[in-house]
Amino acid sequence: MPFNLKVEYERVKQSCMALSISPTAQLLIVSIKSQRLFYLIDGKLTQEYTVSTSKNPSSCVANSFGTPTGLHTIATMIGSEQPSGMVFKGRVPTQHFTKLTKQQQESNLITSRIIRLRGLERGVNVGDGCDTYNRYIYIHGTNHEARIGRPFSNGCIEMKNVDIIELFKQMSEKILVWITTN
């Protein structure tokens, strides 16, 4: 069955109601199955990006290295003034990935921008043993853009550097992010 954006949008509204929070006008929906990120404004699709989620099964459990599911919010945004391809270690810019050794470049690096997520569903993606924020789950750029479109990450949502920079410019903290296995 193909991905149904309208169904997922309704699920977001249901989750918001259950959590007694208001949906944000801007919304990101990540489909693990289709390896796509959808950017909506007022429920209408504005942009669509190909992403890479976890090479492991989706999971909210700590140390699972799976992409967590459910309702999240953008907690922090890092790297707005950095050039495309800048590598971040501990959320601090270091150097451009092309300046690293070939061996260092083999690693799956965090590049260009970081959108750090915080789970909103207690016992699902926030709290002991399942906390998205404490697991350092991000939407970020990668030095392995050829792998975008296939599950490859260690739990994060990876994008091409040009795409994460474009998306980052349109985002702000507290925007909702829905991650689904569909």
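Accessible areas here come from the Shrake-Rupley method with a 1.4 Å probe.

**View 1. The whole chain and its surface.** This is a predicted model, and its accessible surface comes to about 9,100 Å². Carbon and sulfur atoms account for 50% of that area. Buried residues are 47% of the 182 in the chain. As for charges, there are 21 positive and 14 negative ones, and their mean positions sit 4 Å apart.

**View 2. The fold from end to end.** You're looking at 3 helices and 10 strands. Starting at the N terminus, they run α-β-β-β-β-β-β-α-β-β-β-α-β. The radius of gyration is 15 Å against the 16 Å from the globule rule for 182 residues, so the chain is as compact as a globular protein of that length. The C-alpha trace spans about 50 × 35 × 30 Å along its principal axes. Of the contacts between residues at least 6 apart in sequence, 67% link residues at least 24 apart.

**View 3. Inside the largest nonpolar core.** This core holds 22 residues, and Leu37, Ile115, Leu117, Ile139 and Leu167 have the most contacts inside it. Elements giving two or more residues include strands S1 (26-31), S2 (36-41) and S7 (111-119), along with helix H3 (161-170).

**View 4. Zooming in on Ile139.** Leaving out residues up to four places away in sequence, Ile139 touches Leu28, Leu37, Arg113, Ile114, Ile115, Leu117, Ile157, Met159 and Ile164.

Definitions and conventions. Residues are numbered from 1 along each chain as its sequence is written. This is a predicted model: local features need pLDDT of at least 70, side-chain atom pairs count only at pLDDT 80 or more; totals for chains, interfaces and linings use all residues. Side-chain values use heavy atoms; hydrogens and water are left out. Helices (H or I, at least four residues) and strands (E, at least two) are DSSP runs, numbered from the N terminus. The radius of gyration is taken over C-alpha atoms; the globule rule is 2.2 Å times the number of residues to the power 0.38. Buried means under 20% relative accessible area, exposed over 50%, partly exposed in between (1.4 Å probe, protein chains only). Contact means heavy atoms within 4.5 Å. Lys and Arg count as positive and Asp and Glu as negative; His and the chain ends are not counted. The place of a charge is taken as NZ of Lys, CZ of Arg, CG of Asp or CD of Glu. A nonpolar core is a set of buried Ala, Val, Leu, Ile, Met, Phe, Trp, Tyr and Cys residues joined through side-chain atoms within 4.5 Å.
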